[in-house]
Each structure stands twice: as C-alpha cells, then as structure tokens.
Amino acid sequence: MRCPYCGNQDTQVKDSRPTEDYNSIRRRRVCSGCGGRFTTFERVQLRDIVVAKKSGRKVPFDREKLARSISTALRKREVEPERVERLISGVVRRLESMGESEVTSEEIGLLVMDGLKELDDVAFVRFASVYKNFSGADDFEAFLSTLNTTDEMPTEDK
C-alpha cells in the first residue's frame with residue numbers, strides 16, 4: 001500500500017481488526033520511509049459492476065463516488081458515521097446481490113434515496129433535488145407534497 005504522505009511503497013500493517021458491521025477489515029499502517037500513520041479498509045468485492053449512465057456512457061462502479069454523494073447530501077447533518085457506512089455498505093450489497101453486472105444510475109439513485117429517507121429527511125430531500133434535477137422552488141414543493149404527512153414535525157401549541 002502506497003503511503004499517502006510521501007508515496008513510499010513500503011508500508012507495514014501494525015493493527016488489523018474487523019469494522020463494527022464485520023463487512024470490512026480496518027488496518028492501521030505505518031510508512032517505513034516517513035513514519036506516517038494511516039488507516040486503510042479492505043472489503044470483499046463479489047463482482048465488478050458497471051454503471052450505465054443516462055447519457056449511455058458506461059463506467060465502472062465506484063464505491064468512493066457513492067460515499068461522496070451521500071456525504072454531500074449529509075453535509076452539516078448530525079448523523080453517526082457508522083450509520084452512514086452501513087447505508088453505503090447496504091447499497092453496495094444490494095447492487096451486488098442483484099446478480100447483474102450492469103446497473104443503471106437510476107437504480108443506484110433509488111437505492112440511495114430509500115436509504116437516506118430512513119436516515120435523514122433533509123439529506124433525502126437534498127439528494128432528491130440533484131437526482132431528480134429540480135429546477136426551482138415549485139419542484140421542491142411538488143416533491144415535498146408527495147412525502148408521507150406523518151413524517152412532518154408536530155407544531156407547537158400556542
């Protein structure tokens with residue numbers, strides 16, 4: 001594993017342990033060149049997945065891109081990192097268990113929206129606004145009106 005600080009190829013594993021959800025191994029590493037310490041994660045990959053974009057382009061599935069998209073939607077929201085990691089791992093597992101080597105970006109977006117709806121309402125709406133390409137306030141209003149009214153916060157009695 002290449003050191004992220006100096007680029008040295010010679011790093012050593014100092015500690016390994018499973019993550020809380022047991023879906024990956026967390027490894028603490030140290031660089032023999034600069035002494036820098038860093039953490040890596042090792043996960044099982046069942047199959048290579050190709051994403052078919054709306055434009056017709058096909059690109060390899062990128063777990064980190066998925067994580068960045070979810071993190072952007074959750075920016076400045078108080079959600080535990082473990083819950084976010086479980087969401088990401090759950091989406092990846094569902095994609096892998098579909099049995100298809102090619103999935104559409106739409107399928108991925110729907111899985112993420114389902115997960116975010118359970119995790120954080122604001123992040124769900126943020127993600128939906130990008131995923132559904134909202135162009136104005138009317139789009140937000142129409143989308144919010146379709147949500148379950150039981151999810152609304154109660155108003156204070158005056």
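Threonine 40 is found in strand E3, where helices (H or I, at least four residues) and strands (E, at least two) are DSSP runs, numbered from the N terminus. This is a predicted model, in which local features need pLDDT of at least 70, side-chain atom pairs count only at pLDDT 80 or more, and totals for chains, interfaces and linings use all residues. Residues are numbered from 1 along each chain as its sequence is written, and side-chain values use heavy atoms, with hydrogens and water left out.

Threonine 40 is buried, its relative accessible area being 11%; buried means under 20% relative accessible area, exposed over 50%, and partly exposed in between (1.4 Å probe, protein chains only). Leaving aside neighbours within four places in sequence, threonine 40 is in contact with Met1, Ile25, Arg26, Arg27 and Arg29, contact meaning heavy atoms within 4.5 Å. With arginine 29, the side chain of threonine 40 also makes a polar contact of 3.1 Å, that is, a pair of N or O atoms within 3.5 Å; within protein, one must be able to donate a hydrogen and the other to accept it, and residues adjacent in sequence count only if both atoms are side-chain atoms.

Strands of a sheet pair through backbone hydrogen bonds, either parallel or antiparallel. Here E1, E2 and E3, in that order, form an open sheet of three strands with antiparallel pairing, two strands being paired if DSSP finds at least two bridges between them. Strand E1 (11-18) and strand E3 (37-43) stand at the edges with a single partner strand each, so one side of each is left without a neighbour in the sheet. Seven bridges join E1 to strand E2 (residues 24-31), and aspartate 15 stands opposite arginine 28 in E2.

Strand E4 (residues 50-52) runs antiparallel to E5 and is joined to E5 by three bridges.

The buried residues of H2, among them Val84, Leu87 and Ile88, pack against helix H1 (63-73), strand E6 (102-104) and helix H3 (105-119). After H2 comes glycine 99, whose phi is positive, near 85 degrees.
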